[in-house]
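Biologist: I would like to learn how to read a model like this one. Please take me through it feature by feature.

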Amino acid sequence: MSSSTSNLTRIDTGGGQPRRAGGPDSLADILERVLDKGVVIVGDIGVSVLDIELLTLKIRLLISSVETAKEMGIDWWDGDPFFSSSARQAAEENRELRERVAELEKRLEG
Amino acid sequence: MSAAACIYLYGIVDRSLDDRCLRDWMLDGVSDGARLEMTSAGRIAAVHTDMSAEELSGVDAEVVEGSRLAELARRHDAVITSLASLGAVLPVRLGTLLPERAALATLLQEEHTGLADALDNVRGCAEWQVRLARAAAPAEAPEPVEPAAVAGGGGTVYLLDRRRARRRAVEQYERFYSVLEAVDEALALLAKDTAGPLLATGSARRRSYLVPQAEQPAFVSIVEQGVAQLTEVGGDLRVRGPLPPYSFSGVQLGGGARE
């Protein structure tokens, strides 16, 4: 029986100390591994019951904790106004400035 | 089979895979009590279970341990990891359903060439994921110190110490990316394929390598040396593997063929 993975002890390195992965993977590890990956079926042959794309967005914010996610390098929400208060504030300020510029332009035209 | 019954897909494997293994595993698949089965076409086969569509429609983004989604992801990964221990496997994306077996058979026949080629591409290989959990912090350039001040008292000593500290930080930062680049290049040379940008570009945090089985001991050796070297210069490189080739199975099926 051929095997691509069974002849090598699985390793998991962290904190500078390579160590054998003795216990089960964390949920964050598994989600990171399985989300957005693999063969995709599109078109009418598939059954769109589980909206993975939408779930992916939500899940990445919720993975265990924000710290864990950031440690995993997932920090896209920092720049997403929907999820980040600072980004939301920046977006709001941006909107207000655009309105003021538009207003000034109107005055100039008038 | 009821109207709500569907086929949940896990992966594409060689038809020659002994399906008795699936029964021996006693894996339930993503649905309680559902047994793993194989449907073949040509030299490939799909591994799947029966599942009620209602079982997935109630899944939400609750990802704490014990939630339905967590259980689904764990079972999906467990099946694919088990398949990878038997031979080549193309993981199918989490949550993929087909309406019936006839649709699966049609899909396998129509997409046989592409799937067989993709399966050949990952055959004998495993995925290794390398993640940069912490990079060395960028340091400010050392400030110039006036020659007259060097001859002075305590303030001069302070400035000199500060300059030395900054110089050390700059050197460490440069050393970090030099080591990272060398490690990345060495790993890529051993890999059949990579997914993701070079880690040493500065913005990348994660890269996956498709590593042939024969190269995996050398890959691990470089990883272990790299982890030790990078830790010395303030970095934290984390590596997981061998894993099923999730990042190297990006095949899209079913698009356009039925328009």
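Biologist: What covers the buried residues of H5(B)?

Modeller: Some ground rules come before the answer. This is a predicted model, in which local features need pLDDT of at least 70 and side-chain atom pairs count only at pLDDT 80 or more, while totals for chains, interfaces and linings use all residues. Residues are numbered from 1 along each chain as its sequence is written, and chains are lettered from A and ligands numbered from 1 in the order in which they are written. Helices (H or I, at least four residues) and strands (E, at least two) are DSSP runs, numbered from the N terminus. Two residues are in contact if their C-beta atoms, placed from the backbone, lie within 7 Å. The cover of H5(B) includes strand E1 (5-14), strand E3 (44-52), strand E4 (89-91), E6 and E8 of chain B.

Biologist: Which residues of helix H5 (residues 112-122) of chain B are buried?

Modeller: A residue is buried if 20 or more other C-beta atoms lie within 10 Å of its own, exposed if 12 or fewer, and partly exposed in between, with C-beta atoms placed from the backbone. An α-helix has 3.6 residues a turn, so residues three or four places apart point the same way. In H5(B), the buried ones are Leu115(B), Ala118(B), Leu119(B) and Val122(B). They cover an arc of only 100° around the axis, which puts them on the same side of H5(B); the arc is that of the directions from the helix axis to the C-beta atoms. The face turned away from that buried side carries the exposed residues Thr113(B), Asp117(B) and Asp120(B). Just after H5(B), Gly124(B) has a positive phi of about 75°.

Biologist: Is strand E6 (residues 125-134) of chain B largely enclosed or largely open, and why?

Modeller: E6(B) is largely enclosed by the rest of the structure, because eight of its 10 residues are buried.

Biologist: Which strands pair with E6(B), and in what sense?

Modeller: Two strands pair if DSSP finds at least two bridges between them. E6(B) pairs in the antiparallel sense with strand E8 (residues 206-212) of chain B over seven bridges, and in the antiparallel sense with strand E9 (residues 236-243) of chain B over six bridges. Gln129(B) stands opposite Ser208(B) in E8(B), and Val130(B) has Val239(B) in E9(B) as its bridge partner. E9(B) also contains Pro242(B), and the peptide bond from Gly241(B) to Pro242(B) is cis, with omega near -5°.

Biologist: What span should helix H7 (residues 154-190) of chain B have?

Modeller: The expected span of a helix is 1.5 Å times one less than its number of residues. The 37 residues of H7(B) should span 54 Å, and the end C-alpha atoms are 54 Å apart, which agrees. The buried residues of H7(B), among them Phe176(B), Val179(B) and Leu187(B), pack against E6, E8 and helix H8 (216-232) of chain B.

Biologist: Into which domains is chain B divided?

Modeller: Domain bounds come from an automatic or database domain assignment. Chain B is divided into domain 1 (5-123) and domain 2 (126-246). Their contact takes six residues from domain 1 of chain B and four residues from domain 2 of chain B.

Biologist: Which residues does Val40(A) touch?

Modeller: Not counting residues up to four places away in sequence, Val40(A) touches Arg93(B), Gln252(B) and Leu253(B). Val40(A) counts as partly exposed, because it has 18 C-beta neighbours inside 10 Å.
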